[in-house]
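Keep the structure open beside you as you go.

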Amino acid sequence: MTIRLHDDSALPRRIVASFFLLAFLGNSHASDNIPPPPQAKPIVLKGATIHPVSGPDIPSGMIVFDKGKITAIGPNIPTPEGAEVIDASGKHIYPGLISANSVLGLTEIGAARATVDIEESGSINPNVRAATSINPDSELIPVARSNGILTAQAVPEGGILSGQSAVLRMDGWTPDEMTVRSPAAMHLRWPNLTINRNPRAQKSVKDQQKDMDKAQKLIRDSFQTARSYWQARKSGIHGFKSDLRWEALMPVFDGALPLFVHADTVAEIEAALAWAKDAQLKIVLVGGHDAWRMTTQLKESDTPVIIALSTALPSRRDDSYDSSFSDAARLHEAGVRFCIATNGRESGAPHERNLPYEASMASAFGLPKEEALKSVTLYPAQLLGVGDQLGSLEVGKAATLIVTNGDPLDFPTQIEAAYIDGRKIDLTNRQTRLRDKYKEKYRRK
Amino acid sequence: MRFSSCSARLLCFGCLTLLLSAVTSPAQVTTAPKQGIRENDPRLHALTNARIVVAPGKTIEKGTVLIRDGVIVEAGPAVKIPAEARVWDLTGKTVYPGFIDAYSRLGLPETLQPEPVRPDVDYDDPNAKPKEVPRESAKGMHSWNAKVTPERKAADYLNLDKKSMRKLRDLGFTSALVVPGRGIFRGSSALIDLQETDVATMVLVPSVAQHIAFDFNRRDDGGYPTSLMGCIALIRQGFLDASWYQAAQDAYHKNPGTMERPETNASLAALADQTQRKQPMVFEADDELELLRALRISDEFKLKPLLYGNGYEYRVRKALAATKTPIILPLDFPKPPEIERPEQALEYELDELQHWDRAPSNPARLTEAGIPIAFTAEKLEKPEKEFWSRLRLAVRRGLSKDAALAALTTTPAEMFGVADRLGTIAPGRVANLVIANGDLFSSEAKVLTTWVDGYYYDTDSAGERDPRGTWEITSEGKTLPLIVEGELDKLDTKLGGEKATLSTKEDAILLIAPAKLFEKGDGSVRLSGRIAGEAISGSGETPAGTIIRWSAKRTAVYTPKKPDEKPSPLDKPLDFPETYPAGSFGRAMPPEQPHSVLIQGATIWTSGAQGTIQNGDLLVIDGKIAAVGPGLKVPAGGSVIDGKGVHVTPGIVDCHSHTAISKGVNEGSHAVTCEVRIGDVIDATDIDIYRELAGGVTAANILHGSANPIGGQNQVIKFRWGALPEEMKFADAMPGVKFALGENVKQSNWGDKFKTRYPQTRMGVEQLIRDRFRAALEYDAAQKKKDGLPPRRDLQLETLLEILNGKRLIHCHSYRQDEVLMLLRVATEFKIKIGTLQHILEGYKIADEIAKHGAGGSTFADWWAYKWEAFDAIPDNAAMMQSRGVLTSVNSDSADLARRLNTEAGKSMKYAGMSADEALKLVTIYPARQLHIEAKTGSLEPGKEADFVVWSGNPLSNYTYVKQTWIDGRKYFDRAEDMEARKTFAAQREALIQKALPERLKELGAAGGKEGDWKDKKPEDKDAKPTAHPQHRADERGSLYGNGNNRDNCTEEYDD
């Protein structure tokens, strides 16, 4: 069902909107933002302060992009023939922000089960792929991108091996069109290793310990089995029976698919690092509430950290009140590679637009401002394996950028325009349409 | 006969049992018909030559106690012993009054024992179901609520087995209070003497006290109440109902023809009877704040309270000292924390480590504070090992021996109203005595015998003879020296310089020695004999089979080597200041209130008529704002804060918070629960209070959840971190009640078990609310009626009536415009004005209607799409409502968001172009107005309480942090001080870990080696029954001292 909603008269909009609401109750819905066509001619944005992130700011600079890629950038560069020149004087241009840990596209409304596709049953699901169930018409996507989030990694949740993530551009008619990189990473969730000593806990300490041992054994067994499978496949043994799960782990052993390990406490991170060393796998740590306590180990093993939710409450009573806010600063000081992301949980999906504020909060608690900006642009691009295409404004990279009237990490900065691969995208969303609809109600009074 | 000292003990046990059955025939007066030959043993005993502790602080160094027919006749240094008395020579022994176990489950059936804290499931079996817990089904004329069973009497259920009675007696207890163990109004306890006879004879007092516990169902489908506040509401209504019941019965029986017959209810009758007779009410408190809650209830209903404590009393002893309510104390000091692995140690918070260190001092601290205490062996896993060792530890921690004795004798006797019969050794008292071989409180002395009602019961130690010392053995004309040393259960024996084996069983002695000593060849001689005082005589057998005679005489007594007198580190807690709450970031005392403070040259956002003043001053005098403006002068002696570069705003007011709630944000069982009060369950220990202070919050509207259309009463508090709950309450804040509409109350997302409670639709929500308001009006009319049955006070309807009378605000959780319009209509129908619409995410759709009604709107900055009814939320909502004339605020509904409400407010600037001043007001003066506290807080204007925040920069920027937060002119948060406090608390933590480590290693029984061996020795093996320690994190209902993460927020099913 395609609904055109770019009609300026209020009446048809309302009719369509109510029709749309009815349609929503069925099994399909669609956001009303229409993907723009591919970039047809060169575009020049001039006069703005350009923040390449990878290099120094260019005051009153120019950026040129064509066929979706940045072709030139600098204080004063020639305008290509036939280019559309846009005066952006007084504005700021940044690379699009990147959400490194989300379930965007996999969910709509947490409390409505029918709209949620984030977690497969069972605990070993390396074969499930986020890219296959991305809903390009999710209403959550235009809301996120209207605040500058132009790329996001969609990560399956649950179990131990949750599946394969995809890096998505926040625009496209189909999941394929949205996909920047898939699979982007294999996701392993380290079992919780914190014993709940509350006697009212569902399980006794002993039973909890048993569960933990079992789950960690399952990780070791799975990867050892998968490694045998990988070797058997490589050596071409006759009469080989396939197994989708171990098949999916082959690129991890080939070194082609990064392994992201979600772990939070010292015990979990220690266990994950030890296991990875033993299994000869390089990992990216996701979550890492306690990562700041273990910077030596992380540096030694060159393990980067995707800080998932730098605004979370401290996880322990004794932790300082700013323990999450200051995580990024502490990793930065210690020289551990990191980026800042949201918690990636279902409940966070509608609020991905707040990602830039997590970065500025980290800055309020010690992270240098320029690092805060990198932590939601260049660093996530690098950790997600798309650093060659995204994350900074450089010639040859995708023209995925935002035009703002100020610092995108602070209020009340507006994202005035956004380009994904050189295509200017519609920054309206379900919320702006609802706002406009009801503004009309009051205008008539 | 060969025996080791170990089997000797077993044998001994056998003898004793035989012995006991011989003396248990009662000679007391009974109504039971006599069978067979009567047994009328004379029952006159003289316990003489003993050291007699007749009462705490009163000792007769050598004297006699004379007992006749179970009653003490005389006790003194020179008692004339009648010839017919049986005389017990107790030279070297000490006699104490019999001890009273102030709390026990002795002899109660499983259905009156506490329910297991965790369902018993075999998790290895995927199909396993939890083992059924036997429960007594309510029959007859009971309360509507299964947890209300005041009519139950422990005495009616007693079925005592000798083994468990003996276990208690072996500790020295001669009486015990037996307490039923389930429910809220649990029933009455019985005081029994631990005599082995029929129950009727044992019971001293059949009904001592009513026992009330803060118990509730921990599952949502478990029935009312499912929260602590629900439990307290039920207790309160219970006392009201009991007194009404009495009045109603009286009125009806006086004039039965003129009124409707009231119900006949055994529960209410029992409670009414006990209240009238001023019987004590024992409140069982699981944590330190429940002690205070119990005292509040007692005060409200003028009860005679006693407390059953939990070991944490010392933390609130100042408050407890105000009433000096006696406390029954278990001695379950915590085990050493498992801190041997650093990553595991991280999971112990400082308050737990401190408690491990301080708990043994609890009895001493309470006694110092003048609070009467009584001990119980309850809650100990192994009382036979733990009771005396812990009691002695408490004594080493400063509890005087007299106080310890009083806690076992006179105090419980007074508490239970039997001081004229128990607790001391004096003429006329029941002949309950304890005989020990030394001072029980300061040595390793043992209880040898207990006397109960004039019958004696020996312990295993009674028959023990001490064979240690130097003896001279004579046999077959030879004389050899015998030296016996070591521990009683591990003797070290040498005969004639050769190693020998010696064991005793009561007075029987066995000596096995090399035969060559007696020149009887190879092999051993086996000498058995009897020990009588300082002499032994007997016979033996040589390897050749010849019988020989032998005898011995003690020539020197054994003097044990003095153990190292080095004081144990356990005898003293580490010397760190006590704070409230305990643990990290607690305060040793409230922050001082300087007479005057001037902040100079800051950007001052007044949220008032003066707007925002650049380079302005704020003057605070005596906790109130004295002036705001440029060029202010500080009075002499006042302090000045340089405000250069900083911004000052009013303290943030959070209009929707669930911080600081103990044990349940929702009473989610019933659809209408406005009798429950958040004010009853404020959790002053919630670390989120401190964290939110660090985000600039100074006051918050603590709301009940949204599980029901008409929820509980809210409580506005100030974040006076370090204070007790009552001290946090915002004085004179307008009371309110939480209402809720939509998905949560119709249980849309609760699962299949929840499809029957009314209402299940938004249509039903309207009808339910209307019906209850009608009921309240009719209730009002009925209260004023002069004839018929006396009116029953109904706290639920009273609350609703307060709403109808304009004395209480409604704070209504609401989303969709249709339901909001419904509520406004119903409110108008009943002539009331809604206080605030909470969440009100579709408020922008009907802002005019809301403004016209006059309700406030308290909303999220940008939350949406977490459930169906939140799908139309927009971040312009606050601004659009405000611009149409709705008094609007932005709230957190989350302990995390509450820490950055300033930037939540900033979002209205970003999304809706609101001015900075207006945006800040969304979290300052506007919520203050919504809560009717704007005369006191919410803006920086002269006369208001000095609640303000000092920011590092523009408060609406994400790059800004809080430097200081002040409440009442007191600085409750200071980032610089916090940085220092982190170090101090971390150092304390490490010191405690170092102290605990040797104890922990002792417990592990390991000096290293394979860790697998340690595991097996861990105390939490499967057999160890989990005891409900109250203060652990992650209780599903959020208990005290949480880590701040155990409460749900707005994205959860129904807590928003």
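Two residues are in contact if their C-beta atoms, placed from the backbone, lie within 7 Å. This is a predicted model, where local features need pLDDT of at least 70, side-chain atom pairs count only at pLDDT 80 or more, and totals for chains, interfaces and linings use all residues. Residues are numbered from 1 along each chain as its sequence is written, while chains are lettered from A and ligands numbered from 1 in the order in which they are written.

**Exercise 1.** Describe the side of chain B that touches chain A.

Start with the count: 63 residues of chain B are in contact with 49 residues of chain A. Next, find the elements (DSSP runs numbered from the N terminus: helices are H or I, at least four residues; strands are E, at least two). Helices H15 (687–693), H22 (901–912) and H25 (975–1004) of chain B each give two or more residues to this side. H22(B) gives the most, with five residues.

**Exercise 2.** Work out which residues of helix H13 of chain B are buried.

Apply the cut-off: a residue is buried if 20 or more other C-beta atoms, placed from the backbone, lie within 10 Å of its own. B:Ala403, B:Ala404, B:Leu405, B:Ala406, B:Ala407 and B:Leu408 are the buried residues of H13(B). Helix H13 (residues 401–408) of chain B is largely enclosed by the rest of the structure because six of its eight residues are buried.

**Exercise 3.** Trace the open sheet of four strands in chain B.

Strands pair if DSSP finds at least two bridges between them. The order is S6-S7-S9-S10 (chain B), with mixed pairing. Strands S6 (99–104) and S10 (203–205) of chain B each have a single partner strand, so one side of each is left without a neighbour in the sheet. Finally, S7 (residues 173–178) and S9 (residues 190–193) of chain B run antiparallel, joined by four bridges.

Note on methods
A residue is buried if 20 or more other C-beta atoms lie within 10 Å of its own, exposed if 12 or fewer, and partly exposed in between; C-beta atoms are placed from the backbone.
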